[in-house]
Amino acid sequence: LEILAFSPREQAHDVLVSYNKYFNLNSSKGRIGTSSTRRVATVKYFFPRFETVEMRGNLQTRFEKLKNGSCEAMILAYAGVKRMGMEDLIVEDLDINSFVPPAGQGAIAIQTSINLSKERKILFKSVLNDLDSEICISAERSFLKTMNGGCSIPSFAYSFIERNELLLCAGIINLEGTKRILRLENADLNQPIELGKKTGNIVLELGGREILNEIREKQKK
């Protein structure tokens, strides 16, 4: 299989969900549920008074755990919550500059067999692909590849188009939430791969390589 196209992107930010409509990160205390290393580290960095607890499973399972008191609130992707029709449980939209999303959040990648004919690939892409999404996510995926990251690495990358220019906000945070490297770089719209590589290399040189080495050493234990 190969990725052929990307759907129009939903809003990419994270949200706080809770059955307590008065719960928020600025005034409340309690336990925040998430299975994301990026979100755990970001909570520690910006809101260290909160305890984080691991929450795994599909959304229905997680919401059932939330209802049963495993935590007071959860951090999830807005796109997933919206697509499940659970927006009424959103109590706070999280700042995308603080909780920078992971590469590709909010978009749906469309895969096809590599054995499809070139004509069919061109036809399908012309119908299914959203060009702005493809440009932005290509930059994010290029950054992720440069960082040699994955779902267990707390890196983040969010690209957007502004005034006919491509921007990429990306970086990494250590697991303890004590060191965060963030860069905002720009390029022409026809240079998403180059932008991702450039930003990734800058982050690595600014200390990202040391953070990655520390994380991998801990994962070996």
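Modeller: Let's start with a word we will need: two residues are in contact when heavy atoms of theirs lie within 4.5 Å. Helices (H or I, at least four residues) and strands (E, at least two) are DSSP runs, numbered from the N terminus. The model is predicted, so local features need pLDDT of at least 70 and side-chain atom pairs pLDDT 80 or more, while totals for chains, interfaces and linings use all residues. Residues are numbered from 1 along each chain as its sequence is written, and side-chain values use heavy atoms, without hydrogens and water.

Biologist: Thanks! What covers the buried residues of α5?

Modeller: The cover includes β1, α4 (118-128), β8 (155-162), β9 and α6 (192-220). Among the buried residues of α5 are Ile135, Cys136, Ile137, Phe143 and Met147.

Biologist: Why is cysteine 136 called buried?

Modeller: Buried means under 20% relative accessible area (exposed is over 50%, partly exposed in between; 1.4 Å probe, protein chains only). Cysteine 136 has 8%, so it counts as buried. Cysteine 71, at 3%, is buried too.

Biologist: How does the reach of α5 compare with the span expected?

Modeller: Helix α5 (residues 131-147) has 17 residues and reaches 24 Å from first C-alpha to last, close to the expected 24 Å. The expected span is 1.5 Å times one less than the number of residues. Just after α5, asparagine 148 takes a positive phi of about 55°.

Biologist: Now histidine 13: what makes it buried?

Modeller: Its relative accessibility is 9%, so histidine 13 counts as buried. Histidine 13 sits in the loop between β1 (2-6) and β2 (14-17).

Biologist: Which side chain makes a polar contact with the side chain of histidine 13?

Modeller: That of aspartate 93, at 2.8 Å. A polar contact is a pair of N or O atoms within 3.5 Å; within protein, one must be able to donate a hydrogen and the other to accept it, and residues adjacent in sequence count only if both atoms are side-chain atoms.

Biologist: What makes β9 and β10 a pair?

Modeller: Strands pair if DSSP finds at least two bridges between them. Eight bridges join β9 (residues 165-173) to β10 (residues 180-187), and the two run antiparallel. Isoleucine 173 stands opposite arginine 180 in β10.
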